[in-house]
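Subject: Structure for you to look at

Hello,

Here is the structure I said I would pass on. Please open it first and keep it beside you while you read the notes below.

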Protein chains: 2
Amino acid sequence: MAKAPKNAISPTRAEDYPEWYQQVIKASDLAENSPVRGCMVIKPWGYQLWENMQRALDDMFKATGHQNAYFPLFIPMSFLEKEAEHVEGFAKECAVVTHHRLEPDPDGGLRPAGELEEPLIVRPTSETIIGATYAKWVQSYRDLPILINQWANVVRWEMRTRMFLRTAEFLWQEGHTVHATREEAVEETERMIQVYADFAENWMAMPVTIGAKTAGERFPGAVETLSIEAMMQDRKALQAGTSHFLGQNFSKAQEIVFQSESGSREYAWTTSWGVSTRLVGALLMTHSDDDGLVLPPKLAPTQVVILPIYKGEQRAAVMEYIGQLTEQLRGQTYNGAPIRVEVDDRDVRGGEKKWHHVKRGVPIRLEVGPKDIEKDSVFMGRRDQPKSVGMSRAEVVGKIADLLGEVQQNLFDRAAQLRSDNTVTITSEADFRDYFTPKNPDSPEIHGGFAMCHFSDEDSLQDLLKELKVTIRCVPSDNNDTPGTCFSTGKPAEKQAIFAKAY
Amino acid sequence: MAKAPKNAISPTRAEDYPEWYQQVIKASDLAENSPVRGCMVIKPWGYQLWENMQRALDDMFKATGHQNAYFPLFIPMSFLEKEAEHVEGFAKECAVVTHHRLEPDPDGGLRPAGELEEPLIVRPTSETIIGATYAKWVQSYRDLPILINQWANVVRWEMRTRMFLRTAEFLWQEGHTVHATREEAVEETERMIQVYADFAENWMAMPVTIGAKTAGERFPGAVETLSIEAMMQDRKALQAGTSHFLGQNFSKAQEIVFQSESGSREYAWTTSWGVSTRLVGALLMTHSDDDGLVLPPKLAPTQVVILPIYKGEQRAAVMEYIGQLTEQLRGQTYNGAPIRVEVDDRDVRGGEKKWHHVKRGVPIRLEVGPKDIEKDSVFMGRRDQPKSVGMSRAEVVGKIADLLGEVQQNLFDRAAQLRSDNTVTITSEADFRDYFTPKNPDSPEIHGGFAMCHFSDEDSLQDLLKELKVTIRCVPSDNNDTPGTCFSTGKPAEKQAIFAKAY
């Protein structure tokens with residue numbers, strides 16, 4: 001595809017990354033802000049992307065022995081009071097239902113009526129309400145493990161929102177499991193973060209690091225929080241999924257007790273894990289460019305779009321040829337499913353139509369006009385490459401699955417390259433300060449990237465991080481066995497962590 | 001299968017139908033009441049059933065040109081004030097969010113804080129919030145039609161709830177479409193009620209009648225409401241799905257305006273349509289018996305369950321045989337998908353295990369023990385028939401898809417028979433009174449059934465219906481062209497309606 005004189009998205013990433021992000025969402029029809037503060041409307045293109053993510057994840061959850069269920073949207077206020085850290089973490093920002101009716105107002109409008117005896121909270125996460133149910137289900141070791149997932153909406157009253165990344169209402173899944181032993185629960189916590197990493201890398205083409213959160217960054221009430229962390233194009237980190245080992249904290253707060261095989265009465269061990277529509281934002285910031293969205297083929301709602309080019313009476317011949325081509329392409333499979341092909345025969349100017357699909361990130365475009373048909377060939381453009389090329393029909397049909405596979409791999413490789421180009425090991429506070437100080441005053445978002453540092457988690461370190469607006473993303477699980485000294489305090493340090501600015 | 005000495009469900013349908021309903025839900029693990037008033041927990045078996053319904057419906061929606069999207073959970077209170085009938089219908093029973101934070105209470109608990117400037121309503125249905133968005137999307141006739149569906153949870157503050165049939169929170173889908181002409185919108189309204197009828201009859205094996213609601217029974221704000229009505233086993237009617245032609249009522253309230261091809265400014269025509277988890281209750285009351293749930297094979301989470309029978313060291317041989325049988329069965333397809341086979345090798349007594357699957361409604365059970373293996377045969381039990389039969393392995397593998405098809409058809413036929421046995425034409429008020437008066441004082445639920453009556457919709461008729469607790473279900477669309485006289489007033493009447501007691 002010949003480059004247009006200027007980019008489809010303004011501003012470009014280099015000019016203003018946060019604003020570019022909003023403009024890509026708009027240009028690609030993923031979502032828009034709604035009339036309700038902090039809530040978004042997920043438009044069909046964005047929702048199809050989420051549906052494809054859901055389907056892949058759901059299959060992975062079921063393959064690891066989980067079943068879906070559904071629990072109430074509301075949590076009685078008293079439930080939130082039971083686990084001290086949890087209430088501290090979630091009571092601060094939630095939607096509170098206090099009335100169950102509207103009645104006419106004297107001045108002609110409506111007003112709340114029918115006050116509830118106990119206020120209800122719109123779930124910010126469901127540990128408490130699900131735990132109360134599990135307490136009834138669990139009597140004996142024979143009832144364990146419980147391996148359940150829920151697809152649901154949740155609400156957290158965020159003050160500063162950004163579509164997909166941080167919205168008051170968002171869609172997610174939350175797994176909640178109960179086990180007889182600590183070992184089993186730890187194993188489950190680790191299994192599910194691996195599932196997330198597998199999904200991120202193999203479906204989203206987004207390289208991630210698995211690691212443990214430090215104490216200050218854990219889920220409220222968790223003993224350990226594992227996360228997957230990805231690098232966005234502005235070199236900030238994004239937490240893309242978390243899996244929590246909750247120990248016996250919630251089972252003690254909620255009396256999830258079972259009789260063991262030997263007859264003793266024991267508190268169960270629980271876990272929870274989740275990913276959300278935030279993944280759509282992560283996908284966008286991992287692959288997209290200054291012409292709009294770039295989608296990995298495995299998740300793209302349309303993998304191949306065919307654009308007919310004709311004038312007047314040429315239409316019949318072109319559309320007939322395209323009809324055959326479409327059938328042939330749909331007969332091919334990629335990633336275990338028939339290839340998703342769309343023909344765009346809308347009455348729109350050719351250039352505008354092409355850009356429509358470029359901006360929406362369709363992996364492969366095929367243009368077909370009368371001259372191509374004479375040669376039994378098509379013009380093939382990959383979204384991840386600048387130039388289109390002519391290919392015979394036989395070649396494009398025979399190679400289409402390979403082409404999609406190449407796009408998928410190329411996106412992963414590019415993202416992995418960016419991450420490795422922008423990850424350094426830092427051993428002194430001076431280097432650390434320098435790394436996280438933006439060099440270009442016009443692009444305050446662009447700073448160093450990921451810093452791998454040995455550290456001891458003390459107050460003085462927290463002060464430094466607060467000053468530089470840097471956070472400890474995670475203590476990576478792999479290749480992290482060599483002790484060193486803390487880059488800041490100089491004290492002996494067993495582990496290194498990823499330090500980064502973050503979403 | 002030999003009959004157990006007594007039924008698995010107590011009370012039986014004849015003894016107490018409403019209580020039987022609750023007990024079937026409990027015995028089949030579909031759902032349970034939650035700690036939140038009026039909200040239920042949908043357990044894995046119930047949720048899988050709902051997922052299968054969702055998948056089939058979603059495919060049908062997409063095949064008719066619809067896409068999914070997602071709109072906010074909350075509706076600003078002022079939005080509900082715009083359409084007069086609509087607010088009248090929905091403002092009376094809704095969850096109202098008035099605060100966005102919890103803070104410590106002086107006596108150690110929590111209390112709502114951060115009062116909102118404008119209360120938010122948890123959506124009871126989304127016409128108003130989706131309409132506000134459509135008003136921005138629709139500018140020109142080129143933007144039409146909009147054909148969108150949403151899978152979501154909604155909340156209606158019901159005072160008397162019953163699991164699946166009427167719960168404060170329920171899951172549903174709501175389609176919302178916008179059209180340039182009245183004709184197109186009417187066509188869409190009719191298309192979608194046909195889709196629902198197709199789903200009810202061909203997937204749920206539940207015969208339904210399509211018809212129009214009378215004025216008093218319409219959706220608040222609709223010009224016309226079409227519904228599908230089914231007869232439950234207690235001869236009451238259940239409205240299983242509705243499709244509303246909203247005319248220009250909502251487009252006028254929300255300014256959904258477009259420029260027509262000729263340049264004029266016109267209000268758009270809208271529709272909405274929905275089915276909910278209520279369908280699970282409908283399914284239960286259409287097919288289940290005094291031994292528990294009976295599931296139509298097309299929707300059953302497990303279509304065939306294999307029950308190993310062995311003692312001690314017989315296990316290895318039995319399980320190996322079953323492993324082969326399972327593979328062979330999974331290699332067969334029914335209704336376009338591989339057959340869903342489950343092997344239940346839990347350490348539970350044989351009888352108890354069999355009843356577990358009977359109560360959960362699994363269509364076909366195969367029992368396999370050492371003696372069966374010697375004969376290369378299995379013992380096959382159909383959930384819709386009392387007796388099990390011996391069959392050779394080759395026969396059961398070769399016939400399994402046909403067997404499932406026979407169960408599916410038999411369930412439909414039985415339900416159709418019940419409906420036709422309990423539908424009469426009534427032409428006088430005396431007969432009408434008699435028909436709807438329970439004959440057996442021990443079973444006040446069992447009354448006549450459906451009455452087909454010519455009618456004129458006047459106040460005196462409404463008084464009679466109120467007295468007898470009978471409602472007009474719908475004016476059937478088919479075979480309803482012969483005028484008559486109103487059974488109650490004796491006045492000329494163009495159409496007949498189905499009159500029935502109803503859920």
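How much helix and how much strand does the chain have over residues 46-296 of chain A, and how far apart are the end C-alpha atoms? Over that stretch chain A is 31% helix and 33% strand, and the end C-alpha atoms are 14 Å apart. The stretch comes from an unreviewed UniProt entry, which annotates residues 46-296 of chain A as "domain: Aminoacyl-transfer RNA synthetases class-II family profile". Please keep in mind that this is a predicted model.

The two chains

Two copies of a chain are related by a rotation about an axis and a shift along it. Here, a rotation of 180° with 0.0 Å of shift along the axis superposes chain B on chain A, with an RMSD of 0.0 Å. That is the relation of a two-fold axis. Within chain B, the C-alpha nearest this axis belongs to B:Val97 and is 2.0 Å from it. Both copies use the same surface, as 100% of the contact residues of chain B recur in chain A.

The nonpolar core

In soluble globular proteins, nonpolar side chains tend to be buried together. The largest nonpolar core in this model has 82 residues, and A:Phe74, B:Phe74 and B:Val122 have the most contacts inside it. Leaving aside neighbours within four places in sequence, B:Phe74 is in contact with residues of chain A, including A:Val36, A:Val122 and A:Trp157. The contacts of B:Phe74 in chain B include B:Val97, B:Leu120 and B:Ile129.

Helix 5 of chain A covers residues 127-137, and ten of its eleven residues are buried. Among the buried ones are A:Glu127, A:Gly131, A:Tyr134 and A:Trp137.

A search of the whole structure finds five cavities of 30 Å³ or more. The largest cavity holds about 90 Å³ of space. It is lined by 13 residues, and those closest to its centre are A:Glu127, A:Gly131, A:Tyr134, A:His176 and A:Thr270. Which element gives the largest share of this lining? Helix 5 of chain A does, with four residues. Strand 8 (169-179), helix 7 (249-254) and strand 14 (269-276) of chain A also supply at least two residues each.

The second largest pocket

The second largest pocket has about 1700 Å³ of space. Of its 46 lining residues, B:Glu158, B:Leu165, B:Arg166, B:Arg278 and B:Tyr503 lie nearest the centre. Among the elements of chain B that each supply at least two lining residues are helix 4 (84-90), strand 11 (237-245) and helix 8 (278-287).

Backbone exceptions

Most residues other than glycine have a negative phi, and most peptide bonds are trans. A few places in the model depart from this.

- The peptide bond from B:Ser10 to B:Pro11 is cis, with omega near 0°; B:Pro11 lies in the segment before helix 1 (17-27) of chain B.
- B:Leu144 and B:Pro145 are also joined by a cis peptide bond, with omega about -5°; B:Pro145 is in the loop between helix 5 (127-137) and strand 7 (146-155) of chain B.
- A:Asp29 is not a glycine, yet has a positive phi of about 60°. This residue sits in the loop between helix 1 (17-27) and strand 1 (31-33) of chain A, and its relative accessibility of 26% makes A:Asp29 partly exposed.
- B:Asn479 has a positive phi of about 45°. Its loop runs between strand 24 (471-476) and strand 25 (484-485) of chain B, and B:Asn479 counts as exposed because its relative accessibility is 76%.

Regards

Conventions: Residues numbered from 1 in each chain as written. Chains lettered and ligands numbered in written order. Predicted model: local features only at pLDDT ≥ 70, side-chain atom pairs only at ≥ 80, totals over all residues. Heavy atoms only, no water. Least-squares fit on C-alpha atoms with pLDDT ≥ 70 in both. Contact = heavy atoms within 4.5 Å. Buried < 20%, exposed > 50% of the residue type's maximum accessible area, 1.4 Å probe, protein only. Core = buried A, V, L, I, M, F, W, Y, C linked by side-chain atoms within 4.5 Å. UniProt positions renumbered as here; feature names shortened; annotations may be inferred. 1 Å grid on protein atoms, 1.4 Å probe; cavity = no way out; pocket = protein on both sides within 12 Å on 5 of 7 lines; lining within 4 Å. Points joined across faces, edges and corners; volume = space filled by probe spheres on them.
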